[in-house]
Amino acid sequence: MISKILIANRGEIALRVLRACKELGIATVAVHSTADADAMHVRLADESVCIGPPPSRDSYLNIHQIVAACEITGADAVHPGYGFLSENAKFAEILEAHDITFIGPTAEHIRIMGDKITAKKTAQELGIPVVPGSDGEVKPENALEVARKIGFPVLIKATAGGGGRGMKVARSEADLEEAVATARSEALAAFGNDAVYMEKYLGKPRHIEVQIVGDGAGNAVHLGERDCSLQRRHQKVWEEANSPALNVDQRMKIGQICAEAMKKLKYRGAGTIEFLYENGEFYFIEMNTRLQVEHPITEAITGIDLVHEQIRVASGGGLSVKQEDIVFSGHAIECRINAEDPRTFVPSPGTITHFHAPGGLGVRVDSGAYQGYRIPPYYDSLIGKLIVHGRTRVECMMRLRRVLDEFVIDGIKTTLPLFQDLINNQDIANGDYDIHWLEKHLAATSE
Ligand code: ADP
């Protein structure tokens with residue numbers, strides 16, 4: 001059994017995990033940098049430990065300090081949240097060596113999914129549909145032969161990739177040599193590794209991802225999908241569950257494929273299998289071996305608390321649900337509220353002079369922000385998430401419109417006006433958008 005959890009994260013996700021621990025009667029330890037001494041997750045935790053100065057590498061990424069904080073407080077488990085150390089296999093191993101439970105998958109599974117080529121191979125072996133592409137790494141001298149076999153347009157991607165870096169499209173044979181060279185040099189600069197591979201380039205896909213949870217002993221369930229196609233610079237902005245593009249049969253089919261794959265893998269904990277979806281076909285792109293930012297929309301339509309499940313599984317208690325008990329009810333949308341200019345997305349740190357969160361049926365606000373809170377400039381700009389649920393997509397959208405009118409955050413710029421714009425857009429109302437829609441919309445509506 002787990003009796004005290006150290007939350008190795010900050011911001012809204014630290015608060016989110018803390019709430020789950022309290023509901024389960026588990027004691028909590030917050031860790032924080034000197035810049036976050038006033039943060040809400042620090043105030044609400046049973047204990048807190050300052051682990052270093054503001055830069056993440058000296059605090060939230062500092063494994064020694066985090067392990068020391070566990071030893072000092074007697075925490076017997078660590079929840080890593082998302083980002084920071086959540087997909088760091090070494091961290092999982094070090095905790096294990098100290099007899100501290102890592103609330104997440106095994107280090108081996110983190111490693112497999114952390115390498116793009118191994119992940120894709122593993123997915124394919126587990127029966128998950130993947131994007132047609134090269135068989136592993138592609139050298140410049142073989143690029144033309146491989147590209148002809150796949151068929152143009154092709155996408156060159158960095159093996160060590162992340163954040164869309166080291167990715168280049170070649171539309172025809174004439175573009176290929178330069179695309180390969182650019183992708184390799186970008187990959188070298190970003191990841192210290194110039195290895196690249198090749199995939200068929202999909203022109204108008206949606207981003208659809210499946211939420212799974214496994215118990216590590218061969219049981220796993222899926223909790224449906226999320227549509228995260230509305231992105232700018234590969235960053236998700238608005239997410240929906242269910243996807244407006246899928247019917248029940250398609251949902252259950254891809255969900256079952258993912259759940260079966262996770263049973264075979266004996267996967268432990270929560271995970272997300274990400275796909276591009278085009279013309280009725282799913283193409284695996286990657287698996288995230290952690291909780292995702294957008295997990296609350298899945299919780300809204302299933303009523304299942306994913307952090308509770310993570311903690312249950314980590315303490316050996318198994319899953320609380322069987323697949324046949326999981327019922328998908330209604331529709332949910334999440335809007336990511338960033339401290340950013342809503343047009344240029346330039347970060348806007350500063351002090352929140354007024355903060356009023358909306359309420360009412362079907363409304364959830366996950367945020368550590370409050371009136372007088374000073375947003376430190378050192379971390380990512382997500383300050384909150386607005387999650388709205390309705391019995392139908394139409395009801396959900398009507399509710400979101402009402403809620404956006406109520407939400408007040410003054411003193412800084414936020415992405416709230418962007419959602420005011422999207423909620424009144426006909427394509428969004430129709431659920432008719434792909435992964436390029438938002439960038440095109442922003443370009444078309446900028447002066
Ligand atoms: P990263 O880890 O760098 O974020 P991903 O493989 O997750 O890389 O891809 C990031 C984004 O790039 C996807 O969400 C999609 O927008 C685009 N992308 C990736 N693979 C393809 C592909 N084969 N065709 C078209 N777009 C793609």
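## Shell around the ligand

At least two residues of the shell around the ligand come from each of strand E6 (154-158), strand E8 (196-200) and strand E13 (281-288), where strands are DSSP runs of at least two residues and helices (H or I) runs of at least four, numbered from the N terminus. This is a predicted model, in which local features need pLDDT of at least 70 and side-chain atom pairs count only at pLDDT 80 or more, while totals for chains, interfaces and linings use all residues. Residues are numbered from 1 along each chain as its sequence is written, and side-chain values use heavy atoms, with hydrogens and water left out.

Of the 18 residues around the ligand, those that come nearest are Lys116, Lys157, Gly164, Lys200 and Leu202, a residue being near if one of its heavy atoms lies within 4 Å.

In the side chain of lysine 116, an N or O atom is 2.7 Å from an oxygen atom of the ligand, and in that of lysine 157 an N or O atom is 2.9 Å from a ligand nitrogen atom. A ligand oxygen atom also lies 3.2 Å from an N or O atom in the side chain of glutamate 286.

## Helix H6

After H6 comes glycine 127, whose phi is positive, near 90°.

Conventions
Polar contact = N/O pair within 3.5 Å; in protein donor to acceptor, adjacent residues only side chain to side chain.
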